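Hello,

Please find the structure we discussed below. My notes on the ligand and the domains follow it.

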Amino acid sequence: MPVSLIVLAAGLGTRMNSDLPKVLHHVAAAPLLHHAMTAGRALDPARVVVVAGHEAEAVTRSAQAFDESVQVVVQEPQLGTAHAVTTAAPLLAGAAGDAIVLYGDTPFIRPETLQAMLEARAQHAVVILGFQARDAGRYGRLIVNGDRLEKIVEYKDATDSERAVTLCNSGVVCADAKTLFDLVAQVGNDNAAGEYYLTDIVQIARAAGLSAGVVICDESETLGVNTREQLAQAEAAFQTRARAEAMENGVTLTAPETVFFGLDTYVGRDTTIAPNVFFGAGVTVESGAEIKSFCHLEGCHISRGAVVGPFARLRPGAELAEDVHVGNFVEIKNAILDEGVKVGHLTYLGDAHVGEFTNIGAGTITCNYDGVMKHRTTIGKRAFIGSDTMLVAPVKVGDGALTASGSVITQDVPPEALAISRAAQQNKAGLATKLFDRLKAIKAAKSKDK
Ligand code: UD1
Ligand code: MG
């Protein structure tokens, strides 16, 4: 049966104290919204609708950057979670199968948990995801009778004995799409908050003779982000899990607590990662690579046998083929380095292609930006770029060519040619000694004056 996803993301998140809507704050180099959508994507949903409200344009851009087939509906004003689901109804009119409601600010629900909810639908018309809370705080409470869910009471509306219940509502709901929209259409706002509560569908369903049930997950999955402190806790929780998973998958982490992964980081087995390495969005590392300490990696691909760092920065579009060596204080952006390229020290390669087995000397810079436009540098195979070469793009260096150290290369270098472009050296006999004597005399005269 097809599944539809409804991701609620209209809230401002007042307690974040931010101009940015809450769901666009990052954990593991990805907006919270993308975490929720990643869990949902594992179900291969036929349709995904994001309910946006505050900063709806930015939320729409972010949702569609994740998956351009996502539909976004704007909920204005925001009258509560049931109202949010109602807003999504026209986009899912006639959708067959089940719908799952997720929150954009709850990043860690596992796909397996959502799958368990779909399976529980065989017994119940409405399935709610609950958890045993260590501190139930202001969560909605699940009032159960045997394996049946009687109702959900919001904290604000709960009696003392209901507040004593520790089985809490995560917010995730699963029901047949048509049933869900029928139920939310009947929700009123006669409660302490004056809001349309999605949680009210449980009682409405029961009154209509439909059964409701609970799937229970670990509290760590339902961690919601409401404050910057919880954002940091979510980051820590994500990293703890990602490090353990990487090690289980055969990656060596010398000091796991100092390595930070992104939501979509992929690292192949038998890769070694030294202390203090940061993975931003969009990094893939093949098996058997080595990442040395203090590297910052984003939007790049590192192939088998490559060695990166220490202190390397790979920016979006950096692609390292097999056995490439990138050493300390090297920055690479939008550049392809073919097999066996060595770029050992103090270099910037941007908007470039470097052919196989070429050696890039220390201090080389591709001067790719003229202040207005970016230009490409193309270097052939088995070339040798001398130390401190400035490659003023657009420029090409042919296969097997050599540039002399300190050269400023403004014209293409033919294959196998040597390009030299620097002032000729002059040696002036004895001039160093004369100069130093004069400077010493000036210094001595000055100190006598004082
Ligand atoms: C909700 C649940 C509560 C549960 C808790 C778990 C209701 C009535 N209560 O409470 O039982 O324990 O989550 O965290 O559902 N949103 C919209 N439009 C709106 C209102 C909210 O899109 O009009 C979105 C928010 O952006 C957020 C989510 O829905 O992503 C939940 O809303 P929130 O206001 O945080 O609900 P809680 O009071 O936490
Ligand atoms: Mg909340």
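Gly11 places a backbone N or O atom 2.8 Å from an oxygen atom of ligand 1, a polar contact (a pair of N or O atoms within 3.5 Å; within protein, one must be able to donate a hydrogen and the other to accept it, and residues adjacent in sequence count only if both atoms are side-chain atoms). For Leu8 the distance is 3.2 Å.

This is a predicted model: local features need pLDDT of at least 70, side-chain atom pairs count only at pLDDT 80 or more, and totals for chains, interfaces and linings use all residues. Residues are numbered from 1 along each chain as written, chains are lettered from A and ligands numbered from 1 in the order written, and side-chain values use heavy atoms, without hydrogens and water.

Ligand 1 has 20 residues around it, each with a heavy atom within 4 Å. Gln75, Gly80, Thr81, Glu154 and Asn169 come nearest.

Now the domains. Domain 1 covers 3-222 and domain 2 covers 245-419; the bounds come from an automatic or database domain assignment. Their centres, taken over C-alpha atoms, are 44 Å apart. Six residues of domain 1 contact six of domain 2 (heavy atoms within 4.5 Å).

How much area do domain 1 and domain 2 bury between them? About 360 Å², 75% of it on carbon and sulfur atoms. That is accessible area (1.4 Å probe) lost on being put together, summed over both parts. One residue pair is in polar contact across this interface, both at pLDDT 80 or more.

Best regards

Key:
Buried area is the accessible area (1.4 Å probe) that two parts lose on being put together, summed over both.
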